Amino acid sequence: MYNAIVIGGRCAGAAVGAHLARRGLRVLVVDRSRFPSDVLSTHFVWPHGASYLNRLGILDQVRAVTPAHTDVTVVNDGIALRGSIPEELLRNQFRLLHDDDSGITTEYFSVRRNVLDKLLVDNAVAAGVEFREGYTVKELLRDDDGTVIGIKGRDGTVEHAQVVIGADGRNSFVARALGIEKFDERPRCTYAYWSYFSGIPDADAQIHRRGRLGMAMASTNHGQTMVLTWGPSEWAAEFRADVEGNFHRALGLISEEAAVTVAGAVREERFYGTLDQAAYLRQLHGPGWVLVGDAESFKDQCTALGITHALRDAELAAEAVGRWLGGETDRDTAMAGYAAKRRSQTAAAYYDYVCTLAEMKPLRHDELQLFAILRGNQAEIDRFIATHVDVAPVSEFFDPSNVFLLNDTAKESSRDHSVFADFEATYREHQRNPFARVEAEATR
């Protein structure tokens, strides 16, 4: 009998398995895929995600094959802010969540999943995890009270455990088998298309937003750069009518400089895309089961936090399950602690923040004014970036008193930017779907 069976062996699953095995528990991790293999992902890892990889012991292996950086440039309607996430804010977050700030790094990177997931699996096996790839779970086993007690594979094998952890993604088999419904669903989201280009020099990541469109560029493995564009889901059908043409058109509308850079590069792979990024939450745990990663909650890709949050949740879940199975506390107390950290007011505020961003509404005048005010204030730029990626609380940075204080200290800074010259006309233009217009013109 295993202490824990983990269904799903990628970011969340391999990580939670490794953490539990290092506590001396007997852990089985199963996954229907074989490794190394790729999976649809924008694969960005922010500094807190890199810190979790460091705590797992594989950061140096990722660094050895993936460019790492600390500064990032965020551009909103031409207002550029360049900064990094302050180490002290990272330490504060880890102390709050784990009472431990060891392994902190301010580096980030964009690591392909066929690279990262294999490193995580090998790390879990080295920690003592029994790993079965190419293994499909057919059934969850339950006792007379409904408590989950194990799994049955498609190959007929039966395994028992004290807890089964679902780390099997958005279409979680565990959630479906247990009838765990989604709640607080947010259907408005982005579409996203991306590919990989050679011939672009390694550089800091850049994230652009103009009107209702966004794009990002980040150096990744194999000497390539991942280039991503996105927009509101209601424009997806028109964008798909000509993915390559509209991809380059979107780049030109967002950043002429980026468009020229990509036009001079060589695309090395096909375009990848995702249309359904509707956010949701699910119940975190129940009798004999726990959910982690996308199985438990999902948010739009617009802040690129999927991997980072999966690694965070894996460590939090392992801490709770480990205390319970290790006899430090009872199950209900341990899992209540896990739920309290995962469903805190801070977590709820950030969920709202991402879901609002994912609607891709044109930025309001006051929002642009805030970004203009930040220019020249490096400490606040860094704090904004940390807030944007869930290192600092959203409620603190966007608190009206803080915004008022920033505005009071830089009253003139927003008046010298062209975005304010004809704001109303520009705002109206941003509401129009540029891909629908191109399609209409092409059929004349």
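Helix H1 (11–21), strand E2 (27–31), helix H6 (173–178), strand E22 (297–298) and helix H10 each give at least two residues to the lining of the largest pocket. Helices (H or I, at least four residues) and strands (E, at least two) are DSSP runs, numbered from the N terminus.

This is a predicted model, in which local features need pLDDT of at least 70 and side-chain atom pairs count only at pLDDT 80 or more, while totals for chains, interfaces and linings use all residues. Residues are numbered from 1 along each chain as its sequence is written, and side-chain values use heavy atoms, with hydrogens and water left out.

## The pocket

On a 1 Å grid over the protein atoms alone, a pocket is an open set of points where a 1.4 Å probe fits, with protein on both sides within 12 Å along at least five of seven lines; lining residues have an atom within 4 Å of a point. The largest pocket has a volume of about 1,300 Å³, a volume being the space filled by probe spheres set on the points, which are joined across faces, edges and corners. Among its 50 lining residues, Val39, Asp168, Gly169, Arg170 and Asp294 are the closest to the centre. H10 brings the largest share of the lining, six residues. By class, the lining has 18 nonpolar, 19 polar and 13 charged residues. Here Ala, Val, Leu, Ile, Met, Phe, Trp, Tyr, Cys and Pro count as nonpolar, Asp, Glu, Lys and Arg as charged, and the others, Gly among them, as polar.

## Two buried residues

Buried means under 20% relative accessible area (1.4 Å probe, protein chains only), and contact means heavy atoms within 4.5 Å. The contacts below leave out neighbours within four places in sequence.

| Residue | Location | Relative accessibility | Contacts |
|---|---|---|---|
| Asn76 | strand E5 (residues 72–76) | 6% | Arg209, Leu363, Leu368, Phe371 |
| Ala295 | loop between strand E21 (289–291) and E22 | 0% | Gly166, Asp168, Gly169, Arg170, Ser172, Tyr280, Arg282 |

Ala295 and Arg112 are 183 residues apart in sequence, and their C-alpha atoms are 21 Å apart in space.

## The cores

A nonpolar core is a set of buried Ala, Val, Leu, Ile, Met, Phe, Trp, Tyr and Cys residues joined through side-chain atoms within 4.5 Å. In the largest one, with 99 residues, Leu20, Leu53, Leu116, Tyr338 and Phe384 touch the most other members. Helix H10 (residues 306–325) gives the most to this core, eleven residues. A second, separate core has 22 residues, including Phe197, Trp235, Leu251 and Phe435.

Definitions and conventions:
Buried < 20%, exposed > 50% of the residue type's maximum accessible area, 1.4 Å probe, protein only.
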